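I opened the notebook to look up a few side chains and their surroundings. The entries follow in the order I made them.

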Amino acid sequence: MKRLLSFLLLLSTVGLWAQPCDTSQVTSSAITLLSVDSENGNHPALDMLDGDPNTYFQTNGSDPFPHEIVLDLGESKNINQLTIRPRQDQTQGRLKDYAIYISDDPQAWGDMQARSQVLYEFNTDRDQKVMGFGAVSGRYLRIVGLSTND
């Protein structure tokens, strides 16, 4: 059975944090969507950048994993964490396994910065989740969704 990937990427609330000295957030107004491999027309990828916790990005349910999103941060940043908020209206399609890549060239990603799981304390857990990794400099962010929690 194919699974949907649904999540809100918080780039305007907690978002991407710069390191080591600058703890400012990367605001969603500075970010553009370069590519997405699958999206549901009712919940497009741009919804993850609008700052509204009630909207979310959802892939097309007939498209198999992995799913990929590439964002342009507007300029090179030192990044050490990414925060997401799971879908708030239901638990279906919550991101589980993921990989993160950061680069100054959207055609050459190099080594993966993080590969892990989003852990949900309870099935009803709606809290934002932090994906931390060692500080990496880059302008482009690639998030690869490998599986969902259902």
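I count a polar contact as a pair of N or O atoms within 3.5 Å; within protein, one must be able to donate a hydrogen and the other to accept it, and residues adjacent in sequence count only if both atoms are side-chain atoms. By that rule I found the side chain of Arg-139 in polar contact with the side chain of Tyr-140, at 3.5 Å.

This is a predicted model, where local features need pLDDT of at least 70, side-chain atom pairs count only at pLDDT 80 or more, and totals for chains, interfaces and linings use all residues. Residues are numbered from 1 along each chain as its sequence is written, and side-chain values use heavy atoms, with hydrogens and water left out.

I placed Arg-139 in strand E8, residues 129-145; strands are DSSP runs of E with at least two residues, numbered from the N terminus. I noted Arg-139 as partly exposed because its relative accessibility is 28%, where buried is under 20%, exposed over 50% and partly exposed in between (1.4 Å probe, protein chains only).

I then listed contacts, meaning heavy atoms within 4.5 Å. Leaving out residues up to four places away in sequence, Arg-139 touches several residues, among them Leu-73, Glu-75 and Asp-104.

Next I looked up Asn-40, in the loop between strand E3 (32-36) and strand E4 (57-58). Its side chain reaches the backbone nitrogen of Asn-42 at 2.6 Å. Beyond four places in sequence, Asn-40 touches Gln-58, Thr-59 and Asn-60.

Conventions: Helices (H or I, at least four residues) and strands (E, at least two) are DSSP runs, numbered from the N terminus.
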